Amino acid sequence: MAKQDSRKDSGITAGAVITKAGSSMKNKTGFWGVFKPVLLNSRCNACGICVQYCPDGCIVIKDKKASINQDYCKGCAICSKECPSKAIIMQKKILKSC
Ligand code: SF4
Ligand code: SF4
């Protein structure tokens, strides 16, 4: 009997590599994080640095402020660390018990 390739069946590539650009929006990672980024509007000057650093591509500049799509944010805090204006703070999520 031929051995089945379980990776092929699951749709996961070898090494779990994402091969196509712009595919992060196919993976909702918003439930991964324990912390979530919160924008302090008055400090944001729309420089766009957080947009460049976010590994999930879930920050855009909208109405001259950063706008974070929490559905795709995995809570890595890179945006918070890189923002020169300290306009993004990380806040602990309130997790629902089962
Ligand atoms: S890096 Fe900071 S100041 Fe710049 S757009 Fe992002 S949140 Fe705003
Ligand atoms: S914490 Fe910030 S950098 Fe990390 S995924 Fe969320 S928005 Fe992007």
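This is a predicted model: local features need pLDDT of at least 70, side-chain atom pairs count only at pLDDT 80 or more; totals for chains, interfaces and linings use all residues.

Reader: OK, is Ser-80 buried or exposed?
Author: Ser-80 is buried, because 20 other C-beta atoms lie within 10 Å, and the cut-off for buried is 20 or more.

Reader: Which residues does Ser-80 touch?
Author: Leaving out residues up to four places away in sequence, Ser-80 touches Pro-37, Ile-88, Ile-89 and Met-90.

Reader: Let me zoom out. How many helices and strands are in the chain?
Author: The chain has three helices and four strands. Their order along the sequence is α-β-α-β-β-α-β.

Reader: What share of the chain is buried?
Author: Of the 98 residues, 15% are buried. As for contacts between residues at least 6 apart in sequence, 68% join residues at least 24 apart.

Reader: What makes up the largest nonpolar core?
Author: Eleven residues in all: Cys-50, Cys-54, Cys-58, Ile-59, Ala-66, Ile-68, Cys-73, Cys-79, Cys-83, Ala-87 and Ile-88. As background, nonpolar side chains tend to be buried together in soluble globular proteins.

Reader: Pick one of those for me. Where is Ile-59, and what does it touch?
Author: Ile-59 is found in strand β2. Beyond its neighbours within four places in sequence, Ile-59 is in contact with Cys-50, Val-51, Cys-54, Ala-66, Ser-67, Ile-68 and Cys-79.

Reader: Why does Ile-59 count as buried?
Author: Because 23 other C-beta atoms sit within 10 Å of Ile-59.

Reader: And Ile-68, what does that one touch?
Author: Ile-68 touches Pro-37, Leu-39, Cys-58, Ile-59 and Cys-73, again not counting residues up to four places away.

Reader: Switching to the strands: in which sense do β2 and β3 pair, parallel or antiparallel?
Author: Antiparallel, over four bridges. Within that, Val-60 stands opposite Ser-67 in β3.

Reader: How many residues sit between the strands in that hairpin?
Author: Two residues lie between β2 and β3, and Asp-63 in this hairpin takes a positive phi near 50 degrees.

Reader: Where are Ala-46 and Lys-86?
Author: Ala-46 is in the loop between β1 (35–39) and α2, while Lys-86 is in the loop between α3 (78–82) and β4 (88–92). Ala-46 counts as partly exposed because it has 15 C-beta neighbours inside 10 Å. Lys-86 is exposed, with 10 other C-beta atoms within 10 Å.

Reader: Now the ligands. Which residues come nearest to ligand 1?
Author: Of the 13 residues around ligand 1, the nearest are Cys-44, Cys-47, Ile-49, Cys-50 and Cys-83. By class, the shell around ligand 1 holds ten nonpolar, three polar and no charged residues.

Reader: And what surrounds ligand 2?
Author: Ligand 2 has 13 residues around it, the closest being Cys-54, Cys-73, Cys-76, Ile-78 and Cys-79. The shell around ligand 2 has ten nonpolar, one polar and two charged residues.

Reader: Last one: where is Asn-69?
Author: Asn-69 is found in the loop between β3 (65–68) and α3. The C-alpha atoms of Asn-69 and Cys-58 are separated by 5.3 Å, with the two residues eleven apart along the chain. Asn-69 counts as partly exposed, with 15 C-beta neighbours inside 10 Å.

Technical notes: Residues are numbered from 1 along each chain as its sequence is written. Chains are lettered from A and ligands numbered from 1 in the order in which they are written. A residue is buried if 20 or more other C-beta atoms lie within 10 Å of its own, exposed if 12 or fewer, and partly exposed in between; C-beta atoms are placed from the backbone. Two residues are in contact if their C-beta atoms, placed from the backbone, lie within 7 Å. A residue is near a molecule or strand if its C-beta atom, placed from the backbone, lies within 6 Å of it. Ala, Val, Leu, Ile, Met, Phe, Trp, Tyr, Cys and Pro count as nonpolar, Asp, Glu, Lys and Arg as charged, and the others, Gly among them, as polar. A nonpolar core is a set of buried Ala, Val, Leu, Ile, Met, Phe, Trp, Tyr and Cys residues joined through C-beta atoms within 7 Å. Two strands pair if DSSP finds at least two bridges between them.
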